There are 2 protein chains.
Amino acid sequence: MEEQHIASAFDRDLEAMQAQIMKMGGLVEEAIRLGAKALETRDEDLALEVRDGDKAIDGLEELIDEESARLIALRAPTASDLRLVLSVMKIAGNLERIGDYAKNMAKRTSLLAQGPNISDGTAALRRMAREVELMLKDALDSYIQRDAELARDVIARDEEVDQMYNALFREFLTHMMEDPRNISACMHLHFIAKNTERMGDHVTAIAEQVVYLVTGEKPEEDRAKADITSTTEQKV
Amino acid sequence: MEEQHIASAFDRDLEAMQAQIMKMGGLVEEAIRLGAKALETRDEDLALEVRDGDKAIDGLEELIDEESARLIALRAPTASDLRLVLSVMKIAGNLERIGDYAKNMAKRTSLLAQGPNISDGTAALRRMAREVELMLKDALDSYIQRDAELARDVIARDEEVDQMYNALFREFLTHMMEDPRNISACMHLHFIAKNTERMGDHVTAIAEQVVYLVTGEKPEEDRAKADITSTTEQKV
């Protein structure tokens, strides 16, 4: 009876923490969407909103960290329950990083609003950000539903994001070589593209946590990396 | 007596984990140094060595995570001891990210070996990497010695790294505008510069953990960010 009581108290606490993760995830999804929108429409007010919103995301991570520590100290969970609590902390850490990248994207809006308009680039960036946002939504759903299949699907889709990044990298190079006045804007856009690709990596890390939680096995570490720009020769 | 016994077992375990953190830190310091050297001397064999070495770093993080979970489950540490164990995990996470950035730097060596030589750029990059490496060494020393002063010093020095990055950003822009044949190489070099600046941020996060551990207070969150390239207008 005592054990039953302890178990349900733990479950209740864990559920409360998962609700916080979902809240945090919702804020991060919104930050990605609005950050990309601000960039494309050169909306500096919206960009400022995204930047301010990051504080709430950081605050939630801190809260989740503290709650996790409190839960471990209070309930002294054993192996598999402990794994659950630690996964909550890891996922919160990944969400915080994705939020940072979204903030960074928004930060560059006012900067880009001054230079030449590389509109096909910002539209492609928004599509890439949209894909990452959908992946994040599915990764969080897979977490709540403990659905390893959905999580594996998210991991596979990261390759598309990597390919979108590769295409953008080449496009920006071309723009810069065609007209040196595009160089500064393209440097920033390239940066945002790389950050968006990194957001995808963090979403993948969340999905990998889910696979680990459900199956007890880590997904294959050396999955094919489709970002080839760091290893393939580029024409100059 | 029983409690005494438990306390020393915990201390022994914690000490073993701190030894693993120091081992991991040593490998990461070396990866930064050799990665920057490979880049400057265009030494593709050395670059390959750095890339292969990252597996050992990742392996240590996994080991530390597992040991932390085992320690929490076995010893059920209370508040302040738990904070110590969680800090070990956070620091291992930061070290793993720094190692990734060093690997990424090495990856771009073979690519840069093909293009024009921007030798003043790679020399400046090596100096920047050297500064980050020294900051990391001090951050780890401050952790082992529980020295909040030294940790605060590390946090302050991150501003210099940010300024080095700003100077490089402008230099690469100039190179690209002077000669379009430099564009591709400078895109990669800019990337490495930004990653090195991010390494500095992760070293700072380690130092902030130390301040928190020693004083119980988090260092001021909104420390002056000296990377101004994402917010300041650039001339095109």
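1. A search of the whole structure, which is a predicted model, turns up 30 salt bridges over all chains. Two pairs are picked out below, one within a chain and one across the chains.

2. Within chain A, the side chains of Glu67(A) and Arg70(A) form a salt bridge, at 3.6 Å from N to O. Both residues belong to helix α2 of chain A, which covers residues 44-75. Glu67(A) and Arg70(A) are 3 residues apart there, about one turn of the helix.

3. How many salt bridges are there between chain B and chain A? The count is 2. Asp65(B) pairs with Lys90(A) through their side chains in a salt bridge, with an N to O distance of 2.3 Å.

4. On the contact between the chains, 45 residues of chain B touch 45 residues of chain A. The area buried between chain B and chain A comes to about 4100 Å², and carbon and sulfur atoms give 66% of that area.

5. Now to the helix packing inside chain B. Helix α3 (residues 79-112) and helix α6 (residues 183-215) of chain B pack at an angle of about 165°, and their axes are 10 Å apart. Angles over 145 degrees count as roughly antiparallel, so α3(B) and α6(B) are roughly antiparallel to each other.

6. The crossing of α3(B) and α6(B) is left-handed. In the contact of α3(B) with α6(B), the residues divide into 19 nonpolar, 8 polar and 5 charged.

Terms used
Residues are numbered from 1 along each chain as its sequence is written. Chains are lettered from A and ligands numbered from 1 in the order in which they are written. This is a predicted model: local features need pLDDT of at least 70, side-chain atom pairs count only at pLDDT 80 or more; totals for chains, interfaces and linings use all residues. Side-chain values use heavy atoms; hydrogens and water are left out. Axes are lines fitted to C-alpha atoms, for helices over the stretch in contact, and angles run from 0 to 180 degrees between N-to-C directions. Helices (H or I, at least four residues) and strands (E, at least two) are DSSP runs, numbered from the N terminus. Angles under 35 degrees count as roughly parallel, over 145 as roughly antiparallel, 65 to 115 as roughly perpendicular and the rest as oblique. A crossing is left-handed if the near helix is turned anticlockwise from the far one by less than a right angle, and right-handed if clockwise. Ala, Val, Leu, Ile, Met, Phe, Trp, Tyr, Cys and Pro count as nonpolar, Asp, Glu, Lys and Arg as charged, and the others, Gly among them, as polar. Contact means heavy atoms within 4.5 Å. Buried area is the accessible area (1.4 Å probe) that two parts lose on being put together, summed over both. A salt bridge is a side-chain nitrogen of Lys or Arg within 4 Å of a carboxyl oxygen of Asp or Glu.
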